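Subject: Structure for you to look at

Dear colleague,

I am passing on the structure we talked about, and below it you will find my notes on its side-chain contacts. Please have the model open while you read, so that you can look up each residue in turn.

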Amino acid sequence: MAKDRPVYMGPRLRRLRRELGLTQADMAADLEISASYVALLERNQRPLTADMLLRLARTYKMDMSELAGDGGAEQTARLQAVLRDPMFADIDLPVLATGDVAVNYPGITEALLRLHTAYREEQLALADRGVEREDAAEAPDPVAESRRFLGARRNSFPLLDDAGEKLAQEVEAAGSLSAWLKAKHNLRVRRLPPDVMAGSMRRLDRHRDAVLLDDALDGASTQFQLALQIAYLEMRRDFDAVLKDGQFASESGRRLTRRALASYGAAAILMPYTAFAKAVEARRYDVEALARQFGASFEQTAHRLTTLQKPGQERVPFFFLRVDHAGNVSKRLDSAGFPFARHGGSCPLWSVHHAFERPRELLTQWLELPDGQRFFSIARTVTAGGGGWGAPKIERAIALCCAAEHAHRLIYTTGEATPEPTPIGVTCRLCHRSQCMARSAPPIGRDMLPEDFRRTHAPFGFADG
């Protein structure tokens, strides 16, 4: 019969001792063991026995499961996710060895995770700087900084997911978001006309102990704004913990990122990770059905789908894009590795740019990039604003995209034979499809053909090879 694997929890025991303000000698006296044995336990030179776990739990009035933790499962999953990076592809990294490192050397594991995150952030920063003109002034771009921060972390923040899940349970027990605000912070919710709100959708009025909301907000937006207020009230320390490792050249970049994290926290309250991830599989990623189930908008739900990359509980990784009629990108989130152009427009053959011709209709499309990578995309228009006669509305289109290998898990591909994909490029300046009639510019580094002016089927002729 196989024996149970010894449990080593030295770093966790050391952290517990320091949190209690004890020396090794103090803890040894409490547990009736020698100080040298405590030192051996903390250095992982002795396993933590069941008897010792019981002593710790009884002596310091702790829950056994809290003390034992998850056996390093979360750290192991995070480390394995990082080691799947293509830069490590030629290194033999056995799963058991990865688990041993994560469990027995959590400090080294955390250091490696931080280094990898910093590396990804720097790679994205280099991509941004690579397109700047040499003589241009290097003014910080706060939007690029924020996108870089989110992209380096694949728009996944398990700390916020866990905090949101706990708050969601409290809200459910209270009966509603407004009831929770009243019970926890003595804040009542008031809805006021837009002219009274003076352009604000939400305002916290400390003098009157009230959360003020624009009464033109629809149901999903109202719920989101209340959840957002709860996130700002309850998750500030979590935001600080997430932001502390970020690299920001401007205070505006940090503030924009904090706003993005607050929205993430609000979504984690409205669509708690465990429940949402379970529903996603049950409904096969049907965005509209999921939106109805959780009382969210189509865009909020699509956005939340990009965050489901919690180590050990990953779902289909998605790329999310939001554009206006002119093709300007106002939101971009990536957990799917989609090679979207960081600068310049995207391919006009992508259906997200045609969604405005068929408002509110969901468009599906198979895509193929010049290097052979295939993706599956859904696109639809969404509307912001409105709510009354004369109130301005903004129409945008959003696209949700995943690698073709995951497409069979989506309800949108049920019962259909896979059609020929639409050949698209990342952006015209990087695309080498010579016969594309939608091209707006020739690719960088290709010579124009001498008789290019004679061409009629494609706007630019350039030498192949």
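Rings of Phe, Tyr and Trp (its six-membered ring) are taken to pair if their centres lie within 6.5 Å. In this model, which is a predicted one, there are seven aromatic pairs. One of them is formed by Phe-149 and Phe-157, whose ring centres are 6.1 Å apart and whose planes meet at 10°, so the pair is stacked, since planes under 30 degrees apart count as such. Phe-149 is buried, with a relative accessible area of 0%, and Phe-157, at 5%, counts as buried too. These two rings also belong to a cluster, in which ring pairs link Phe-149, Phe-157, Phe-248 and Tyr-264.

How are the rings of Phe-276 and Phe-294 arranged, stacked or edge-to-face? Their centres lie 5.2 Å apart with 70° between the planes, and the pair is edge-to-face. Both Phe-276 and Phe-294 are buried.

Rings also have charged neighbours in this model: the charged end of Lys-310 sits over the ring of Tyr-273, 5.5 Å from its centre, while Arg-380 lies over the face of Phe-298, at 4.1 Å from the ring centre.

Let me turn to charged pairs. Side chains of opposite charge can pair when their charged atoms come close. The count for this model is 17 salt bridges, and the following are among them.

Glu-234 forms a salt bridge with Lys-184, with the closest N and O atoms 3.6 Å apart; this pair links distant parts of the chain, because Glu-234 is in helix 13 (residues 219–234) and Lys-184 in helix 11 (residues 177–185), 50 residues apart. Glu-234 is partly exposed, with a relative accessible area of 28%, and Lys-184 is partly exposed at 42%.

Arg-409 forms a salt bridge with Glu-281, where the closest N and O atoms are 2.8 Å apart. Arg-409 lies in the loop between strand 8 (393–403) and strand 9 (422–423), whereas Glu-281 is in helix 16 (residues 273–282), so the pair ties together parts that are 128 residues apart in sequence. Arg-409 is partly exposed at 27%, as is Glu-281 at 32% relative accessibility.

Best wishes

Note on methods:
Residues are numbered from 1 along each chain as its sequence is written. This is a predicted model: local features need pLDDT of at least 70, side-chain atom pairs count only at pLDDT 80 or more; totals for chains, interfaces and linings use all residues. Side-chain values use heavy atoms; hydrogens and water are left out. A salt bridge is a side-chain nitrogen of Lys or Arg within 4 Å of a carboxyl oxygen of Asp or Glu. Helices (H or I, at least four residues) and strands (E, at least two) are DSSP runs, numbered from the N terminus. Buried means under 20% relative accessible area, exposed over 50%, partly exposed in between (1.4 Å probe, protein chains only). Rings of Phe, Tyr and Trp (its six-membered ring) pair if their centres lie within 6.5 Å; planes under 30 degrees apart count as stacked, over 60 as edge-to-face and the rest as tilted. A charge sits over a ring if NZ of Lys or CZ of Arg is within 6 Å of the ring centre and within 35 degrees of the ring normal.
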